[in-house]
Amino acid sequence: MPFEIQILQYLESIRNPFLNMLMETITFSAEIAFLGSIVIILYWCIDKEFAYKLVFIVLVNALFTSYVKNIVRKPRPFELGIVKPLRVETAPGYSFPSGHTSTATSFWGGAYYILKKKNILIVAIIMSIMVGFTRMYLGVHFPTDIIGGILIGITSIICAKMMLDNDKPLLLVTALLTLLVLILPTPDEIVLSVSCLFGLISGVTLEKKYINMKVKTTLKNQIAKLIIGFAGTGILYIILELTMLDMKISNMIKYILLLLYIIVGAPYVFKKLNLA
């Protein structure tokens with residue numbers, strides 16, 4: 001612990017406006033707004049199967065990370081008065097493991113697992129280390145949190161791979177998990193992860209059976225898909241935020257509906273408009 005404190009306090013001592021901006025930008029690359037936009041574009045316009053597998057891996061990682069956080073319940077460095085945090089709004093909940101680091105590891109490592117390209121492995125290693133470093137620089141994680149995040153990310157990839165290799169029971173398993181989360185007292189992060197997993201699996205099942213969107217089309221159609229799809233997602237999100245109560249069941253419905261729109265609803269609209 002003293003050595004970890006020394007590292008964090010040294011990083012705090014070298015902060016400056018340029019480094020602050022750089023580190024906050026890198027840490028943003030492991031957040032849902034950025035990665036979510038990437039996988040949506042992949043799903044609608046480039047490769048549905050790749051996007052599905054990648055999202056599945058990241059969501060499994062989110063579930064594992066949330067579960068471990070709520071077991072360990074380690075306070076963050078700034079909560080102990082060790083350093084002053086930057087971008088503290090990205091650091092809710094407990095400290096171990098680093099969610100940003102595990103997300104970066106599972107996303108880029110998952111991309112490598114799916115595509116098996118050496119250059120992606122190099123990117124995965126670099127991004128995992130860089131995102132982890134930014135979390136220490138910003139004063140929101142200890143070094144051991146970063147190591148834990150990388151290990152959880154790798155574990156998530158391995159476990160998700162085994163599940164994807166035998167995916168027939170996934171819909172039933174995620175449905176049962178969703179029911180358990182609804183019934184039992186559950187932290188918000190786990191509610192989010194399980195609901196999104198159910199929305200993902202059920203959405204992909206429905207899309208394959210009833211829509212089967214073709215992703216390849218003209219550049220004009222691809223641009224139209226993105227405009228219509230993102231506009232629809234944004235409108236649906238605003239409507240759900242304004243109309244649904246802040247309750248567990250309402251939040252679960254909100255997450256599931258958002259995933260179903262992205263995976264099933266938007267492709268249905270694209271086909272009706274002859275864009276896919």
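W44 is buried, with a relative accessible area of 0%; buried here means under 20%, exposed means over 50%, and partly exposed is what falls in between, using a 1.4 Å probe and protein chains only. Keep in mind that this is a predicted model, where local features need pLDDT of at least 70, side-chain atom pairs count only at pLDDT 80 or more, and totals for chains, interfaces and linings use all residues. Residues are numbered from 1 along each chain as its sequence is written, and side-chain values use heavy atoms, with hydrogens and water left out.

So what does W44 sit with? A search of the whole structure turns up 5 aromatic pairs. For a pair, rings of Phe, Tyr and Trp (the six-membered ring for Trp) need their centres within 6.5 Å; planes under 30 degrees apart are stacked, over 60 edge-to-face, and the rest tilted. W44 and F230 make one of these pairs, edge-to-face, at 5.4 Å centre to centre and 70 degrees between the planes. Because W44 lies in helix α3 (residues 32–46) and F230 in helix α10 (residues 219–243), the pair ties together parts that are 186 residues apart in sequence. Helices, by the way, are DSSP runs of H or I with at least four residues, strands are runs of E with at least two, and both are numbered from the N terminus. F230 counts as partly exposed, at 30% relative accessibility.

W44 also pairs with F270: the ring centres are 5.5 Å apart and the planes stand at 90 degrees, so this pair is edge-to-face. Here helix α3, with W44, meets helix α11, with F270, so the pair ties together parts that are 226 residues apart in sequence. F270 is buried, with a relative accessible area of 0%. Put together, W44, F230 and F270 form one aromatic cluster.

Another ring to look at is that of Y137. The charged end of R15 sits over this ring, 5.9 Å from its centre; the test is NZ of Lys or CZ of Arg within 6 Å of the ring centre and within 35 degrees of the ring normal.

Back on α11, I253 is found in this helix and counts as partly exposed at 37% relative accessibility. I253 belongs to a nonpolar surface patch with about 1000 Å² of accessible area together, whose members also include V173, L177, L245 and L257. Patch residues have over 30% relative accessible area and no salt bridge; nonpolar side chains (Val, Leu, Ile, Met, Phe, Trp, Tyr) are joined within 5 Å, like charges within 9 Å. A salt bridge is a side-chain nitrogen of Lys or Arg within 4 Å of a carboxyl oxygen of Asp or Glu. Both α8 (170–183) and α11 supply at least two residues of the patch, and α8 gives the largest share, 6 residues.

Now for the backbone. F96 and P97 are joined by a cis peptide bond, with omega about -5 degrees, and P97 lies in the loop between α4 (48–72) and α5 (99–115). K116, in the loop between α5 and α6 (118–137), has a positive phi near 55 degrees without being a glycine. K116 is exposed, with a relative accessible area of 53%. N274, in the segment after α11 (248–272), is another non-glycine residue with positive phi, near 60 degrees. N274 is exposed too, at 63%.

Methods. Accessible areas come from the Shrake-Rupley method with a 1.4 Å probe; for residues, only the protein chains shown count as cover.
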